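Please keep the structure open as you go through the points.

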Amino acid sequence: MDAPDVPDAPETGDEIRGTARGTAPVPLSVLDLVTVGSGRTAGQALRTSVDIARLAERRGYHRHWVAEHHSMPGVASSSPAVILAHLAAHTERIRLGSGGVMLPNHAPLVIAEQFGTLEALAPGRIDLGLGRAPGTDGATAAALRRTERLNEGADDFPQQLVELTRFLDDDFPDGHPYARIHAVPGPVQATAPGGVQSPARPPIWLLGSSGFSARLAGTLGLPFAFAHHFSAQNTVPALDLYRDTFRPSAVLAEPYALIGVAALASDDAREARRQVMTGALSMLRLRTGRPGLVPTPEEAEAYGFSPLEREFVDSWLGNVVHGTPDEVRTGLDDLRKRTGADELMITANAHGGEARVRSYELIADAYGLPEQ
């Protein structure tokens, strides 16, 4: 009797290192925060995420990641695994992943099962990016973790990472309390009688906005993703630390680091400024304890900024690459030269989905990314 069909992984080459396309100096990717604008619904935001993923696939972006956030009305990405399953059903080739899952919020076995399921749904296309921050405020983190000892999760991150990796690889040593526990779907199915489950599993990335994860990723020989889009002052020191501490591993022979970059292109520079002001006002409200939906451009224009608020907004916008497609391309090229990043992961924060989708199209055009 013939063996049942097993879906093949797409021909994507290196599961970590992407391919630069067109005139882009490095691979370009997408970080989608699934933002919800004023007057819009979460359902509309999720449909925009599908639109962006399809466009990114068609235009040769390397990967599309979503990030875990909680208790933020303007961000509908509280459940990355659910969103990624939906995106996998609407795409065929592009890599999909978490940027990231906040590991201290979850039991490692749960994450291994979720991403083993995603790997079964989209073989060879899933990335597992992990962070150690809560992705929310302290009270919400306590509700997620069912504990008030919030430092415990961050302090235990290396141990949680080891546990998660062993669940993904199904290789707890004999005598370990979890030696007979298996994450399913996973490698154990390949060793069961008649098993045909692929032993492959998603590559792990470490995410960070400081030196902790940079050092840990370097020591373990893992790929590293740095959140330049909200911690720009730490980018170069963190990447230098990652490269200095890097040890070759079975995963990587040389360091590989991507950075998240806030960028938005428009046909008109003034319109680009109007759009990024909505994200700046949204971030101001978040940082001052007033999180809400992403405001409209008109609301941002009418807002009366205090001198201190204006200082924050100007500083924030100083790290957002925005303008015409040529201006954005120049800004991204300069950032890449300054940081030496191996990949640029672009997040387009604006009120409406139309502006975000258009921005990714314009950036692809600016770099001559070929239709796939």
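1. Strand β2 (residues 63-66) is covered on both of its faces. Arg63 and Trp65 are buried on one side, and His64 and Val66 are buried on the other. Here buried means under 20% relative accessible area, exposed means over 50%, and partly exposed lies in between (1.4 Å probe, protein chains only). Helices (H or I, at least four residues) and strands (E, at least two) are DSSP runs, numbered from the N terminus.

2. A word on the source: this is a predicted model, in which local features need pLDDT of at least 70 and side-chain atom pairs count only at pLDDT 80 or more, while totals for chains, interfaces and linings use all residues. Residues are numbered from 1 along each chain as its sequence is written, and side-chain values use heavy atoms, with hydrogens and water left out.

3. Now for the neighbours of β2. Strand β1 (residues 28-32) pairs with β2 in the parallel sense over three bridges; two strands pair if DSSP finds at least two bridges between them. Leu31 is the residue opposite Trp65 of β2. Strand β3 (residues 95-102) also pairs with β2 in the parallel sense, over four bridges, and there Ser98 is the bridge partner of Val66.

4. The chain crosses from β2 to β3 through helix α2 (residues 80-89), and this β-α-β crossover is right-handed. Right-handed means that, with the strands pointing away from the viewer, the path from the first strand over the helix to the second runs clockwise. β1, helix α1 (residues 42-59) and β2 likewise make a right-handed β-α-β unit.

5. On to the rings: how many aromatic pairs does the structure hold? There are 11, counting rings of Phe, Tyr and Trp (its six-membered ring) with centres within 6.5 Å; planes under 30 degrees apart count as stacked, over 60 as edge-to-face and the rest as tilted. Trp205 and Tyr256 form an edge-to-face pair, 5.9 Å centre to centre with 75 degrees between the planes. Trp205 lies in strand β5 (residues 204-208) and Tyr256 in the loop between α9 (235-245) and β7 (257-265), so the pair links parts of the chain 51 residues apart. Both Trp205 and Tyr256 are buried.6. Phe312 and Trp316 are a stacked pair, because their ring centres are 6.3 Å apart and their planes stand at 15 degrees. Both lie in helix α12 (residues 307-317), four residues apart, about one turn of the helix. Phe312 counts as partly exposed at 23% relative accessibility, whereas Trp316 counts as buried at 16%.

6. Finally, ring pairs join Phe224, Phe226, Tyr242 and Phe246 into a cluster.
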